[in-house]
Amino acid sequence: MEPSILKRKHSNLSENQNSDTLSQDPKDLKNETSAKSPKDSDQKQVCLQGLDTFSDEKKFLKFLKSNFPEDIKYEGIIKKKGKNFAFISFETLDDKTRFEQYLIANKVSSKNKKLTIKPAKNSAFHNFKKIHTIQHEIEQNTNRVFIPKQHEIDYELSISIQKKVCPLWETPYPEQIEGKKKALLSILKFINTNARKNLKNDENFPKWLKNDICCEIEDFIASENNEKNPIFYYRNKAELTIGKNYEGKLNVGFNRGNFNKGIMWIEEAKDCPIISKEAIEISMVLQEFIRKKLENPPAFDRFTHIGFWRNLIIRQSNITKEIMVSLVVCDKDIEKPALEVLKLELKELFLSMKFPQDFKIMGILMLFHNEVSDNVPYNCRTDVLYGVANYTEKILGKSFQISPDSFLQVNIPQCERLYSLIGKAANIDENTIFLDICSGIGTIGICLAEKAKQIIAIEVVESACQDSLKNAQNNKITNFTYHCAKVEDIIEEAIKPFVGQGKIVGVLDPPRAGLHGSVIKKLRTCKGLDKLIYVSCNPTAMVENLMGLCLPMNKNRKGPAFSPVKCYGVDLFPLTEHYECVMVLERLYDLE
Ligand SMILES: C[S@@+](CC[C@H](N)C(=O)[O-])C[C@H]1O[C@@H](n2cnc3c(N)ncnc32)[C@H](O)[C@@H]1O
């Protein structure tokens, strides 16, 4: 089989052609004179920050197209190489609003960096490059053939699927934990070095900044490494991609290679040590089925964006033994009758499977995703081929209905220990008003509700809020209320009736990329909220948020500062480098 030789769109225009004068910092643009009055146009424009500095306008346009819905229309963009920000002008205000909402709901990031939006006041409007001009430049040079270098292919081939998905799979478990403790310790050090850099000489150093680390690691909760709390095959969710391997064989499994170098193939899932055995079995059965169809219809090609089969997502509960199978497809090029036949065949295929330990399939779903982006959007069009569009999970004895797009921790035995730890760190009792900030389907609050006076959940995604209410009702939790809104818009209002009614403690479990500065500002100025438990699976992103919450008060940092007082680690992701960090923050006021 030939190495992947992919036709890539490429422009031979010089990177600097048509470049315009752009200041170093987006803030500086406030002072630039503009050809067009900002008043009529700046409402349709934003400054997007946190971008890859290597991208120019052509690459940035491709990024927009593959990460945001196709129907959002742009008028023009400014993105210079070397800058980590871009200006976007939308065709309508509605396009801009949908763009902002999509960014928040889907946590769009660039190279693992969270993207943030700022208003583009007085920006250099005359410098916007029209989208159709950029599009034309891209299309002018469509036929350049991108040939990956052999050594790049050899390198990618040399990495096993186990190593790619679970880099620590051969490391003894105690060593994995030691490595994670060290990583957490270096984050605690980094918090202090970073804080010192952020403080001006005349600012008072808070007590927590006087040492090398901001606080001690109180405990690091490792998996028990037994049948009930294993380090292998522990994931309750497998998200697999459908595509060809290096030899051109169709596989259902994991991405290998390097998309940016034009090397991309899919390795089958059977040797992956962390997804469940049931998920592996289902993936192998589907793989066999698609192979027998001789690519009719074909798998979705991420370079040409043509094809049908995209992803297989298997979610399951190892407690209730319920399984939900979702197939993500692109149906824009398939005839309706052929699709209907396929649906019946797939239903029969999965229902004919027999699983050990009474596992049963509760729902078989087909999710339609016709856009370029790999991220399956929330609430995408769904057909239920069999059963129902959810399954039941149990956490700390409480039942939760899990929908295809619900957020749920992937390792339930360790999740239970994480939630118990949150309760302990919050000192939760019958006098506690417990704020579940970024609550998703309400799992943390509901699991701790019986110990608290009141649970107040805040979550921006409507369907997740509805699920949280159902979950509270199903568990007969009566002290649970939710606000479906952005934290930054509602937190003061949500908390007001409870100030003076008890001890208010918040748990904050944000998306992987952390929270936008505006949310942090609101949390900091929120009166009555003196204790926060910050839970993060990405401690590096947490550091930036901690700067906003914990550095001393000044004209940009309003509200008394929180102090990091305790820190815990919980290993929810054995065999990988990831873990959850639990940081206890308290306002110490004059004790500081
Ligand atoms: C990592 S999930 C955590 C969910 C939940 N705490 C749990 O543990 O199951 C993060 C949640 O934050 C929500 N979110 C992100 N930004 C938000 C904002 N500004 N306001 C409200 N919710 C937000 C997302 O929709 C998502 O459901």
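## A parallel strand pair and its crossover

Strand 21 and strand 22 (residues 480-484) run parallel and are joined by 5 bridges; two strands pair if DSSP finds at least two bridges between them. Helices (H or I, at least four residues) and strands (E, at least two) are DSSP runs, numbered from the N terminus. Ile456 has Thr481 in strand 22 as its bridge partner. Between strand 21 and strand 22 the chain passes through helix 12 (residues 462-474), a right-handed β-α-β crossover. A crossover is right-handed if, with the strands pointing away from the viewer, the path from the first strand over the helix to the second runs clockwise.

The model is predicted: local features need pLDDT of at least 70, side-chain atom pairs count only at pLDDT 80 or more, and totals for chains, interfaces and linings use all residues. Residues are numbered from 1 along each chain as its sequence is written.

An open sheet with mixed pairing is formed by 8 strands in the order 10-25-26-24-23-20-21-22. Strand 10 (217-221) and strand 22 each have a single partner strand, so one side of each is left without a neighbour in the sheet. From one strand to the next, the twist averages 20 degrees. Axes are lines fitted to C-alpha atoms, for helices over the stretch in contact, and angles run from 0 to 180 degrees between N-to-C directions.

Within this order, strand 23 (residues 503-508) and strand 24 (residues 531-536) pair in the parallel sense over 4 bridges. Opposite Val507 stands Ile533 in strand 24.

## Helix 13 and its neighbours

Helix 13 lies across strand 20 (432-437), strand 21, strand 22 and strand 23, and runs at about 160 degrees to strand 21. Helix 13 (residues 487-495) also packs with helix 14 (residues 517-525), at an angle of about 10 degrees and with the axes 9 Å apart. The two helices, helix 13 and helix 14, are therefore roughly parallel to each other. Angles under 35 degrees count as roughly parallel, over 145 as roughly antiparallel, 65 to 115 as roughly perpendicular and the rest as oblique.

In this contact, Val487, Glu488 and Ile491 of helix 13 meet Ser518, Val519, Lys522 and Leu523 of helix 14; two residues are in contact if their C-beta atoms, placed from the backbone, lie within 7 Å. By class, the contact has 4 nonpolar, 1 polar and 2 charged residues. Ala, Val, Leu, Ile, Met, Phe, Trp, Tyr, Cys and Pro count as nonpolar, Asp, Glu, Lys and Arg as charged, and the others, Gly among them, as polar.

## Around the ligand

Of the 19 residues around the ligand, Cys438, Gly440, Val460, Val487 and Asp509 come nearest. A residue is near a molecule or strand if its C-beta atom, placed from the backbone, lies within 6 Å of it. Helix 11 (443-448), strand 21 (454-459) and helix 13 are the elements that give two or more residues to this shell. The shell divides into 12 nonpolar, 3 polar and 4 charged residues.

Strand 12 (residues 250-258) pairs with strand 13 in the antiparallel sense over 6 bridges, and Glu268 in strand 13 is the bridge partner of Gly253.
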